[in-house]
Amino acid sequence: MTIIADSPNTASAANVPPTTRADLFEWVHGVANLTKPARIEWVDGSLAEKHRLIDEMVEAGTLITLNSELRPNSYLARSHQDDVARVESRTFICSESEKDAGPTNNWADPDEMRSTLSGLFTESMRGRTMYVIPFLMGPVGSPVTRVGVEITDSPYVVVSMGVMTRIGRTALDVIEEGAPWVRALHSVGAPLDRGEQDVEWPCNPTKYICHFPETREIWSFGSAYGGNALLGKKAFALRIASAMARDEGWLAEHMMLVRITSPEGQVAHIAAAFPSACGKTNFAMMRPTLPGWQVETLGDDIVWMWVDENGLLRAINPEAGFFGVAPGTSDSTNPVAMQTLWGNTVFTNVALTDDGDVWWEGMTKEKPAHLVDWTGQDWTPDSGVPAAHPNSRFTVAIDQCPTAAAEWADPRGVVVDAIVFGGRRSHTMPLVTEARSWAHGVYLGATMASERTAAAEGTLGELRRDPFAMAPFTGYNVGDHWDHWLSIGERLRVSGRFPRIFHVNWFRRGEGGRFLWPGFGDNVRVVKWMMDRLAGTVSGIDSPVGLLPKLGDLELHGLDLAADDAAEILSVDSAEIERDARDAQSLLTLVGETTPDVLWRENSDTIDRCREDS
Ligand code: OXD
Ligand code: MN
């Protein structure tokens, strides 16, 4: 770490920043002049630096050291109680034209927002250290790897960015070579006066997460929660990167990426989009229940894809870590995640056990008799409140994952064979359906919907259309995003090697509200059907929402599933699908003239098929 100056106004020749890029130096200097930190540190990404920051945070009470025998090198952070999730209502796309943000984003005029933010950032780092973090999204050498610099006044953000991205010298070298870089400015918005005692989780009730797609800039104020503050993730790798990808002809998507190997050695790479907290991480780390099947993990949250010179769709994971939801993760639901979390993990807002380890709802069948909950209060099973926050998280490096595929960091990426969309739907959508064409697949992605979970603010359970699971993450007009997907389809025509597109629903409920499908490792049964479709060994049954498996083609052997339930979960009720298609029209209408005609056609074809079916 290079420490430049004790005060931005006292930078001396001896404290030269480790960059020759005037644009970078000037930006850092300009931010320091605005935010007036006590000192500036350039982050080099070394282990020594990480340990020093962790020690400082332990000293300040921001991190609690866990029992090193049970959870080596691991820490617990407890956030402010109002800083626990992404704040979509405070997330803005500040494009020059309002139309470019589209109807599903909050738009703000860039000049007005800059002036608001400049006011908020004025002296916002007073008394704190301003860290400059060069970071790389993607492995060095991939055609879609991009670089950014995050300035933050939060050491928690520095350490977390060090897990989630490639920080320090490697990234700075790419900048030195002349690469354009994204400006990502973050402040917790809690200046410290001289002698003032700091709090454990500084933040500000006023929050702004702002994106300027034209100038590739991010300004985030007031929150230290990962999704708002680790700017390489949602802000850059999805919102800004999606705008870059539109301009440059590639895709930045909210997807996980896995490699599947069948017992016969058939290999396929699957990229899957699910709204937040719908089992995406569980899918990415699936331990298949069918013998001989293997799932290897390449990514759990974000995928960048491009059409290569041979017309194949290739993908990388731009991240280097997992920022996963803890509750519900257990040795039975996701043993791979549990193994990944053996140590070197930062937990946020989980509960603390009496022996200095972590616990969250769903981790064990039996609840511990006593815990300290995520708010720092004593907790017993009778407390009547969750011990861990429903959106509590773990932050851990991918290379700790026992199922990580060796290629997760290969700059050549992997060829995508199948794309999967999914959501949490109690009814209507069957367990799995295959799109009839690329355009139909884009329609299924555009109109996908899910019942709301705790990863963002909002009413739990409410059905929300979440196009491509990108509703809070597309940095431009959602209709243009759909059009962009259609244009990628045009480019794939060159090779004719279209990934097949599927839609899955692990969450369909039967009588009395019980889940019909066991999910988790048994989802490999659905993956097997997809692989059979890829290999051309099975056909499908035509339905208004696409091709359904024949009951006999879905491997149900060894599964405790009543025949009626199996039939129900594969069934499609035309009236329900028609209702859903009509409901989706409000989204197509809302998006208005930017909705591609092709998607309206897919919508009316779906309704026509429902009519023919009934
Ligand atoms: C996440 C999210 O944190 O999607 O990954 O909210
Ligand atoms: Mn996500």
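How many positive and negative side chains does the chain have, and how far apart do the centres of the two sets lie? The chain carries 54 positive and 84 negative side chains, and the centres of these sets are 3 Å apart. Please keep in mind throughout that this is a predicted model.

## Overall build

Let us start with the whole chain. It contains 16 helices and 33 strands. The radius of gyration is 24 Å, close to the 25 Å that the globule rule gives for 614 residues, so the chain is as compact as a globular protein of that length. Along the principal axes, the C-alpha trace spans about 75 × 55 × 40 Å.

Of the 614 residues, 61% count as buried. Among contacts with a separation of 6 or more, 73% come from residues 24 or more positions apart.

## The manganese site

Next comes the metal. Three residues coordinate the manganese ion (ligand 2) at 2.2 Å: Lys234 through NZ, His254 through NE2 and Asp301 through OD. Along the chain, these donors follow the spacing K-x19-H-x46-D. Two of them, His254 and Asp301, are 47 residues apart and link distant parts of the chain. His254 sits in the loop between strand 13 (251–253) and strand 14 (256–261), while Asp301 sits in the loop between strand 16 (294–299) and strand 17 (303–307). Both His254 and Asp301 are buried.

## Around Leu34

Leu34 belongs to helix 1, which covers residues 22–35. Its relative accessibility is 23%, so Leu34 counts as partly exposed, given that buried means under 20%.

Leaving aside residues up to four places away in sequence, Leu34 touches Ser118, Phe121, Thr122, Glu123 and Trp219. Leu34 and Leu120 are 86 residues apart in sequence, yet their C-alpha atoms are 9.8 Å apart in space.

## Two asparagines with positive phi

Why might a positive phi be worth a look? Most residues other than glycine have a negative phi. Asn73 has a positive phi of about 50 degrees although it is not a glycine, and Asn344 likewise has a positive phi of about 50 degrees.

Each asparagine lies in a loop. For Asn73, the loop runs between strand 3 (63–65) and strand 4 (75–77); for Asn344, it runs between helix 10 (335–340) and strand 20 (346–348). Asn73 is partly exposed at 43% relative accessibility, and Asn344 is partly exposed with a relative accessible area of 29%.

Terms used. Residues numbered from 1 in each chain as written. Chains lettered and ligands numbered in written order. Predicted model: local features only at pLDDT ≥ 70, side-chain atom pairs only at ≥ 80, totals over all residues. Heavy atoms only, no water. Donors = N, O, S within 2.8 Å, 3.2 Å for Na, K, Ca; no water. Helix = DSSP H or I, 4+ residues; strand = E, 2+ residues; numbered from the N terminus. Buried < 20%, exposed > 50% of the residue type's maximum accessible area, 1.4 Å probe, protein only. Rg over C-alpha atoms; globule rule 2.2 N^0.38 Å. Contact = heavy atoms within 4.5 Å. Lys, Arg positive; Asp, Glu negative; His and termini not counted. Charge placed at Lys NZ, Arg CZ, Asp CG, Glu CD.
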